[in-house]
Amino acid sequence: MCLFCKIINREIPSNIILENEDFLAFHDINPKAPVHILVIPKMHVESFHEVSGEVMNGITPFIQEVAKELSLDKNGYRVITNIGEDGGQEVKHLHFHVLGGAKLAWSHLSDAHPKEMI
């Protein structure tokens, strides 16, 4: 069972912001912005590459509700999902980072030499 499934099952504690039958939002333990929330589906989906339109149809308004709950909707926020190893995905469970609370800058996007593309 993955880390996020354990959080969903309350086997690992988390600082929950919002929850409904299908989705969970909680504070990231290693924040990259003044507000850094993770939003996950309760159903295990490995990544954005495998997610169904039905799940996306539900998670979109849930993320918007999280942003409103934290007043991020007033000045703006960023939503990011990482896909696979090269995309920076560390937990193999679909999750969206919701970042805000400050004017967010883009730091470098690559930590290594580019791979040759086919």
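This is a short talk on one predicted protein chain, from its overall build down to a few single residues.

Hi everyone, and thanks for coming. Two notes on how to read the values. The model is predicted, so local features need a pLDDT of at least 70 and side-chain atom pairs count only at pLDDT 80 or more, while totals for chains, interfaces and linings use all residues. Residues are numbered from 1 along each chain as its sequence is written, and side-chain values use heavy atoms, with hydrogens and water left out.

Let's start with the whole chain. It has two helices and five strands. Helices here are DSSP runs of H or I with at least four residues, strands are runs of E with at least two, and both are numbered from the N terminus. Reading from the N terminus, the order is α-β-β-β-α-β-β. The radius of gyration is 15 Å, close to the 13 Å that the globule rule gives for 118 residues, so the chain is as compact as a globular protein of that length. That radius is taken over C-alpha atoms, and the rule is 2.2 Å times the number of residues to the power 0.38.

How much of the chain is buried? Of the 118 residues, 35% count as buried. Buried means under 20% relative accessible area, exposed means over 50%, and partly exposed is in between, with a 1.4 Å probe and protein chains only. As for the surface, the chain exposes about 8000 Å², and carbon and sulfur atoms supply 52% of that. Those areas come from the Shrake-Rupley method with a 1.4 Å probe, and for residues only the protein chains shown count as cover.

Now contacts, meaning heavy atoms within 4.5 Å. Among the contacts with a separation of 6 or more, 53% are between residues 24 or more positions apart.

A quick word on charge. The chain has 10 positive and 16 negative charges, and their mean positions are 7 Å apart. Lys and Arg count as positive, Asp and Glu as negative, while His and the chain ends are not counted. Each charge is placed at NZ of Lys, CZ of Arg, CG of Asp or CD of Glu.

On to the aromatic rings. How many aromatic pairs does the structure hold? There are two. Rings of Phe, Tyr and Trp (its six-membered ring) pair if their centres lie within 6.5 Å; planes under 30 degrees apart count as stacked, over 60 as edge-to-face, and the rest as tilted.

F23 lies in strand β2 and F62 in helix α2 (residues 53-69), so the pair ties together parts that are 39 residues apart in sequence. F23 and F62 are buried too.

L18 is in strand β1 and, at 14% relative accessibility, counts as buried. Leaving out residues up to four places away in sequence, L18 touches F23, L24, A25, F62, E65 and V66. E19 is also in strand β1, but E19 is partly exposed, with a relative accessible area of 35%. With neighbours within four places set aside, E19 is in contact with R10, L24, K42 and F62.

That brings us to R10, in the loop between α1 and β1 (16-19). Most residues other than glycine have a negative phi. For R10, though, phi is near 65 degrees, a positive value. R10 is partly exposed, at 45% relative accessible area. S71, in the loop between α2 and β4 (77-80), also has a positive phi, near 60 degrees. S71 is partly exposed, at 41%.

One last residue. Beyond its neighbours within four places in sequence, S47 is in contact with I83, Q89 and L94.
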